[in-house]
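Visitor: I have a model open and would like to learn how to read a few of its features. Where do we begin?

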Amino acid sequence: KKVRQDELVGKKGFVLGNTSEGYGNIYMDDDFDMDRYYSDSDYEIVRKVMEEVGISDLAERTVHTLSGGEFQKVRIARALAQEPEFMLLDEPAANPDFVYEPQLMELLTKIVKEKNIGILFSMHNVNMAASYCSKMILLPTAAPVISGTPQEVLTLENLKTTFGVEFEQTDGRLLFLPRGTK
């Protein structure tokens, strides 16, 4: 069944891939297409979401002038403007500099707590995932799926099975060690 775009509003928010295609100026009046059919309340929702995500000051800039972290915030705001019950994100903290990565993860944590929105995302940074996730899933190529809390999932054996490289645990944190260093 083909679903109209307006039927998805309020159900799911997607942040997939890492493309700037379809983005012009961020402000909705200039192509900040939030995938909504616009009413007066839609404009208010967009302004509120931009403020909540901390991107109101970016409203008049074009996407091509944004840093990786600013762009990810824009993409998260677009998904939030849908007023979703659930969000699916592909590598939400990929590409930003080291300052934006924890800011983006803290933003997602805030969204879960304050808006009661479920979030599922892919991530390759096991240290960052362990710091912010309540549940995790590892997808090893040649073994069954591993799921549970970070403490249950992130064992040295599970990580080696999944990624094919050695890990070392130090001070309660996992450190990636490339092959041949141990």
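Visitor: Are helix 3 and helix 4 roughly parallel or roughly perpendicular to each other?

Guide: Two packed helices are described by the angle between their axes and by the distance between the axes. This is a predicted model. In it, the axes of helix 3 (residues 68-80) and helix 4 (residues 100-115) come within 10 Å and cross at roughly 15°. Angles under 35 degrees count as roughly parallel, so helix 3 and helix 4 are roughly parallel to each other. Their crossing is right-handed.

Visitor: Which residues make the contact of helix 3 and helix 4?

Guide: Helix 3 contributes G69, E70, Q72, K73, I76 and L80, while helix 4 contributes Y100, Q103, L104, L107, L108, I111 and K115. By class, the contact residues are seven nonpolar, three polar and three charged.

Visitor: Which residues of helix 7 are buried?

Guide: An α-helix has 3.6 residues a turn, so residues three or four places apart point the same way. In helix 7 (residues 156-163), N158, L159 and T162 are buried. Down the axis of helix 7 these buried residues fall within an arc of 95°, so they line one face of the helix. Just after helix 7, G164 has a positive phi of about 75°.

Visitor: Where is E91, and what is its phi?

Guide: Most residues other than glycine have a negative phi. E91, not a glycine, has a positive phi of about 50°. E91 lies in the loop between strand 2 (86-90) and helix 4, and is buried, at 18% relative accessible area.

Visitor: Is N116 buried or exposed?

Guide: N116 is exposed, at 66% relative accessibility. Its loop runs between helix 4 and strand 3 (118-122), and the phi of N116 is positive, near 55°.

Note on methods. Residues numbered from 1 in each chain as written. Predicted model: local features only at pLDDT ≥ 70, side-chain atom pairs only at ≥ 80, totals over all residues. Heavy atoms only, no water. Axes fitted to C-alpha atoms, helices over the stretch in contact; angles between N-to-C directions. Helix = DSSP H or I, 4+ residues; strand = E, 2+ residues; numbered from the N terminus. Parallel < 35°, antiparallel > 145°, perpendicular 65-115°, else oblique. Left-handed = near helix turned anticlockwise from the far one by under 90°. Contact = heavy atoms within 4.5 Å. Nonpolar A, V, L, I, M, F, W, Y, C, P; charged D, E, K, R; others polar. Buried < 20%, exposed > 50% of the residue type's maximum accessible area, 1.4 Å probe, protein only. Arc of directions from axis to C-beta.
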